[in-house]
Amino acid sequence: MRDAYVDAIYRATKVNSNVLCIVGDIGAYLLRHYIKDFSANYLNLGAAEANMVGVAAGLAMSGKIPFVYTITPFITARCYEQIKIDVCYNGANVKLVGIGSGVSYGTMGSTHHSLEDIAIMRALPNMTVFSPSNKQEVEEAVFAAMKYKGPVYIRLMLTANLTHKYRSKFKIGKARIIKKGKDAAIIATGDMVSIAIDAAKALKKNNINCFVVNIHTLKPFDELLIKNLSYKCKAIISIEEHSTIGGLGSAVGSILSQYPRNKARFKILGFNDIFCREYSSDKLKIFEKYNLSSKHLIKTMIELYH
Amino acid sequence: MKNKQNREILQLKLKAAQLRKKILEMIVTAHGTHIASAFSIVDLVLFLYKRVLRINPKNPADEKRDKFVLSKGHGCAALYVVLADLGFFPKKILNTFISPGSILGGHPDSIRIPGVETSTGSLGHGFPVAVGFAMANKMNHSKFRVYCLVGDEELNEGSNWEAAQIAAHHKLDNLILIIDENKLMISGFMKDILDSLSFKEKFRAFGWNAVSVNGHNFAQLIKLFKQMQFKNGKPTVVIADTVKGKGVSFMENKKEWYSVLPNQEQMDIAIGELDSRIERLNL
């Protein structure tokens, strides 16, 4: 997703010269063509994220469209009050881009993980939250953010294994159904979408025909789709590379529990209120350890469904 | 020339005394807080808006304007009375201060109040945003400047020092930071609780121009801002020596007046002192 972001910000700047690429001292090599071609639009504000977000708010309120890019915990939790006040309270047109979300930096430990970013960003009024599932959606999210006037947070992973090509148009707040199903649904976001697709294939062999839904916009949420699924499906599972508190599952659960026609059983899969203390350069091995593999998803669905 | 300036200084003094009276009445009537902080900065805010800022109260969003950021948002009563005096909004709105439906809260809200550039209240936020404003002006080749007023206690917050580094590195000589150095924190004197040492030395070490002034002396302020060059590739800090609670004798330099309200007897004395000053300056 890093390459996709670098391409997207390059193209966005090409079509709108107000776009700024601000970084907290990362990505200099990947962004070398950007720096060369758009030196006036590029700012490296160093390892000082609180200031970086405040400065971005000032630039945005002067008519610029700053995309502020650094490792996810440092562009969300570290400067949270700047995001709350300088960006959201002011309604400033700032785009925050977190790279390496979830446990993408698998060898680096919890300082570089973000398993609470969706929860805290979703809680802020005025904030829109994107969580792309592949390279195509990274580009779509960047352009949607550029065109939309207001605060946006884009949650990026390091790599993007999902090769699925989306044919429908990317619409803010409108989920994408990847696979139609009948009596069960898996709701996923980010890298979990490909795990959901794998699980759904296996579940079909077990006579459970699952919808697979990609939530690329975590806020505003596609409430209507969840409501529709809730009376069509016997079982719904949400799965996310995030805490089970406050993220995708909480959003789905909040809709289901307040909807009188809901008849689906529901289960949230994610990091269960725990720091990730496993190390691996292969994220799937970490997912395995925390019961977030497709194997575990299949097992959970079979139990929930029957 | 000299006479003209003396007349102007007299007018500023008179206006400042009148605004202090308005601040006091406004806060006491509404059971608000932070009288002493507002008294500490009202001379500076009045001076900037009357003498320095190139602004148009009829069009607060005019692209061709200087920007003022009150980073120490709790002193907002001083900003509100000055904005109303200049016509950013009708004076009668001051009477709605911190009441339901009012645009004027206990800290300034940029979405609701004409003339407020960014919302503040939590310390250490206004300065980085002001750096963003100044940076945008440089990018747009705009000649307009950005003025930001911070408290001395506010400079405890680390975000300010991040902003100070970036402002110097980017040569933002269109940025003027004013420190309201009243030397008092909530719990007592800065020197006893968290000694700020010399702001002048600190900012010079960070690559800034640094000058000092008496923050209640209009003659000094006029002279200083006339001399300022804004051209040497460095941002400038003005360290304003101020007195918290300035203008009402028993409130001056007392930590107790950080947030309490005067009782009726104290209110009568305070209004009496301000009235006699207004009368004296009116002669």
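Two residues count as being in contact here if their C-beta atoms, placed from the backbone, lie within 7 Å. With that in hand, we can walk through this structure, which is a predicted model.

**Chain A as a whole**

Among the contacts in chain A that join residues at least 6 apart in sequence, 77% link residues at least 24 apart. Chain A has 12 helices and 12 strands. Its C-alpha atoms fill a box of roughly 60 × 40 × 35 Å along the principal axes. The radius of gyration of chain A is 19 Å, which agrees with the value near 19 Å that a compact globule of 306 residues would have. Of those 306 residues, 55% are buried.

**A sheet in chain A and its helices**

Five strands of chain A form an open sheet in the order 7-9-8-11-12, with mixed pairing. At the edges sit strand 7 (176–179) and strand 12 (265–271) of chain A, each of which pairs on one side only. From one strand to the next, the twist averages 25°. Within this chain, strand 8 (residues 184–188) and strand 11 (residues 235–243) run parallel and are joined by five bridges. One pair to look for is A:A184 with its bridge partner A:A235 in strand 11 of chain A.

| Helix of chain A | Strands of chain A touched | Angle between directions |
|---|---|---|
| Helix 8 (residues 192–205) | strand 7, strand 8, strand 9 (210–214) and strand 11 | about 160° with strand 8 |
| Helix 12 (residues 294–305) | strand 8, strand 11 and strand 12 | about 145° with strand 11 |

**Where the chains meet**

Which residues bring the two chains together? The contact takes 21 residues from chain A and 20 residues from chain B. On the chain A side, helix 3 (49–60) and helix 5 (80–89) each supply at least two residues. Helix 3 of chain A gives the most to this side, with eight residues. Sorted by class, the side of chain A that touches chain B has 11 nonpolar, seven polar and three charged residues.

**An enclosed strand in chain B**

Turn now to strand 2 (residues 146–151) of chain B. This strand is largely enclosed by the rest of the structure, because six of its six residues are buried. In a regular strand, side chains alternate between the two faces of the sheet. Both faces of strand 2 of chain B are covered: B:V146, B:C148 and B:V150 are buried on one side, and B:Y147, B:L149 and B:G151 are buried on the other.

Strand 2 of chain B pairs in the parallel sense with strand 1 (residues 67–70) of chain B over four bridges, and B:K67 stands opposite B:V146. Strand 2 also pairs in the parallel sense with strand 3 (residues 175–181) of chain B, over six bridges. Here B:G151 stands opposite B:D180. Together with helix 5 (residues 158–169) of chain B, strands 2 and 3 of chain B make a right-handed β-α-β unit.

**A closer look at B:I278**

B:I278 lies in helix 9 (residues 264–282) of chain B. B:I278 has 17, so B:I278 counts as partly exposed. Leaving aside residues up to four places away in sequence, B:I278 touches B:L14, B:A17, B:Q18 and B:K21. B:A30, in turn, is 248 residues from B:I278 in sequence and 23 Å away in space, C-alpha to C-alpha.

Terms used:
Residues are numbered from 1 along each chain as its sequence is written. Chains are lettered from A and ligands numbered from 1 in the order in which they are written. This is a predicted model: local features need pLDDT of at least 70, side-chain atom pairs count only at pLDDT 80 or more; totals for chains, interfaces and linings use all residues. A residue is buried if 20 or more other C-beta atoms lie within 10 Å of its own, exposed if 12 or fewer, and partly exposed in between; C-beta atoms are placed from the backbone. The radius of gyration is taken over C-alpha atoms; the globule rule is 2.2 Å times the number of residues to the power 0.38. Ala, Val, Leu, Ile, Met, Phe, Trp, Tyr, Cys and Pro count as nonpolar, Asp, Glu, Lys and Arg as charged, and the others, Gly among them, as polar. Two strands pair if DSSP finds at least two bridges between them. A crossover is right-handed if, with the strands pointing away from the viewer, the path from the first strand over the helix to the second runs clockwise. Axes are lines fitted to C-alpha atoms, for helices over the stretch in contact, and angles run from 0 to 180 degrees between N-to-C directions.
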